[in-house]
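Subject: Structure handover

Hello,

Please find the structure below. My notes on it come after.

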Amino acid sequence: IPYAAVPKYMAQFRIALIPFRVNPLTLATNPIKLFEYFSCGLPVVSAALPEVASFREFVYLSRSPAEFAAQVTAALAE
């Protein structure tokens, strides 16, 4: 979709996800989508990446698939 249409689609989201596998590449990643999600006021569930963890008070962080699923449930209840 065109970038200009992204907010229209994101307005339909209840939560936003950053389900990255944690590996050397993603440990060095600063996911720009985090800031896009924040700008739309969405609860965010993310793998526990260092750059995301600095926003831990605003993000549901997870360290395992089971914890990720539990955090999705928590975020949906927000």
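Predicted model: local features only at pLDDT ≥ 70, side-chain atom pairs only at ≥ 80, totals over all residues.

Residues are numbered from 1 along each chain as its sequence is written, and side-chain values use heavy atoms, with hydrogens and water left out.

Strands first. Helices (H or I, at least four residues) and strands (E, at least two) are DSSP runs numbered from the N terminus; two strands pair if DSSP finds at least two bridges between them. Strand β1 (residues 16-18) runs parallel to β2, joined by three bridges, with A16 opposite V44. β2 also pairs with β3 (residues 59-62), again in the parallel sense, over four bridges; there S46 stands opposite L61.

Strand β2 (residues 44-47) is covered on both faces: V44 and S46 on one side, V45 and A47 on the other, are all buried (under 20% relative accessible area, 1.4 Å probe, protein chains only).

A nonpolar core here is a set of buried Ala, Val, Leu, Ile, Met, Phe, Trp, Tyr and Cys residues joined through side-chain atoms within 4.5 Å. The largest has 14 residues, and V44 is among those with the most contacts inside it, as are I18 and V59. α1 (6-10), β1, α3 (33-39), β2, α4 (50-53) and β3 each supply at least two residues of this core. A second, separate core of six residues includes V45, Y60, F68 and V72.

Lastly, T26 in helix α2 (residues 24-27) is buried, at 10% relative accessible area. Beyond its neighbours within four places in sequence, T26 is in contact (heavy atoms within 4.5 Å) with F20, R21 and L49.

Regards

Methods: Buried < 20%, exposed > 50% of the residue type's maximum accessible area, 1.4 Å probe, protein only.
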